[in-house]
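Welcome! Have a look at the sequence and the 3D view, and then we can walk through some of the charged side chains together.

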Amino acid sequence: MGKGGSLSDSVLKKILLSYTYVAIWIFLSFTVIVYNKYILDKKMYNWPFPISLTMIHMSFCATLAFLLIKVFKVVEPVTMSRDLYLSSVVPIGALYSLSLWLSNSAYIYLSVSFIQMLKALMPVAVYSIGVLFKREGFKTDTMVNMLSISFGVAIAAYGEARFDTWGVVLQLGAVAFEATRLVLIQILLTSKGITLNPITSLYYVAPCCLVFLFLPWIFVEYPVLKETSSFHFDFVIFGTNSLCAFALNLAVFLLVGKTSALTMNVAGVVKDWLLIAFSWSVIKDTVTPVNLFGYGLAFLGVAYYNHAKLQALKAKEAQKKAQQADEEAGRLLEEREGEGTGKRSESQN
């Protein structure tokens, strides 16, 4: 009884820890999105400089990642050659900088709720690009599901009260670049046996992002900032905003490390609904019934996609266990046959 009780206590502890990691990730992801919207929106803090904001985040994250890896040695660095860095990390950094730039720019033109609805297209983009790069096999049922998600997002866009074409183009561009980055991580790093956690990823990728963002910043935002002589750097606003962005990366590290990437996908769906509710009730963004109906369709498609991935993962795990069991049985049989042969030879002697 005591043993059973201690087992249930340990299981309960694991469940509570998993929910805690999920809650922390949702809170920080929620905070970063709303904080970025607050800073960039012309009706709020009114600092519409998405490249500058992204560069502040990258500078802060790169510095903290350097301290954690090189000074405090909390995280082990990954051994990486110069050629590997240039051929693998640099393209990923370029895509990441474009994804962050465009996604932050979208907050100037679109509501938080509508942006979350558009982000539902991420599985569609990842699957399509995966098929294009031959990382995913084309499956008719999966493509039908992808089309249903796209159809739902299209309905949500049709019902959007504050539809802005340029804002939609920016957000869709951000989704496309982010999806390409995720596929390239599999091709350029994972396939070579290199796994970067969010801290080592920031250590290698953030400086690269700064270089890529510096070029458009010089021509797009620097001249405007130079003319805005009244601007002063608000250390409290930008410091806490950057700290939240870095804490979010740590939360991703904890959530994926202690649970799974699929758990994060499911938690992401919960976060999106919370953001839509917050956007409607607190920020007072208009959310129409057509919006919700369209996003509801997309949500069902994404939920089915996650369910299918979970089933595939379970099947793969079961196959792996069956293979290991067969190998173990074969090994035991060989040992027994060896013992039997040895005994027969002894009896003959």
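A residue counts as buried when its relative accessible area is under 20%, and as exposed when that area is over 50%. Keep in mind that this is a predicted model.

## Salt bridges in the whole model

How many salt bridges does a search of the whole structure find? The search turns up four.

Let's start with Asp41, which forms a salt bridge with Lys37. Their closest N and O atoms are 2.7 Å apart. Are these two residues buried or exposed? Asp41 has a relative accessible area of 7%, so it is buried. Lys37 is buried as well, with a value of 1%.

Another pair is Lys271 and Asp272, whose side chains meet in a salt bridge at 3.7 Å, N to O. Lys271 counts as buried because its relative accessibility is 8%. Asp272, with a relative accessible area of 10%, is buried too.

## A pair within helix α7

Now turn to helix α7, which covers residues 165-188. This helix has 24 residues and reaches 34 Å from its first C-alpha to its last, close to the 34 Å expected at 1.5 Å a residue. At the start of α7, a side-chain oxygen of Asp164 reaches to within 3.1 Å of the backbone nitrogen of Trp166.

An α-helix has 3.6 residues a turn, so residues three or four places apart point the same way.

Is Arg181 buried or exposed? Its relative accessibility is 12%, and because the cut-off for buried is under 20%, Arg181 counts as buried.

## Asp234 in a loop

Where is Asp234 found? Asp234 sits in the loop between α9 (222-227) and α10 (235-258). The side chain of Asp234 reaches the backbone nitrogen of Val236 at 3.2 Å.

Which residues does Asp234 touch beyond its neighbours within four places in sequence? Those contacts are Tyr45 and Gly239. For a sense of how sequence and space compare, take Asp234 and Val34: they are 200 residues apart in sequence, and their C-alpha atoms are 18 Å apart in space.

Notes. Residues are numbered from 1 along each chain as its sequence is written. This is a predicted model: local features need pLDDT of at least 70, side-chain atom pairs count only at pLDDT 80 or more; totals for chains, interfaces and linings use all residues. Side-chain values use heavy atoms; hydrogens and water are left out. Buried means under 20% relative accessible area, exposed over 50%, partly exposed in between (1.4 Å probe, protein chains only). Helices (H or I, at least four residues) and strands (E, at least two) are DSSP runs, numbered from the N terminus. Contact means heavy atoms within 4.5 Å. A polar contact is a pair of N or O atoms within 3.5 Å; within protein, one must be able to donate a hydrogen and the other to accept it, and residues adjacent in sequence count only if both atoms are side-chain atoms. The expected span of a helix is 1.5 Å times one less than its number of residues.
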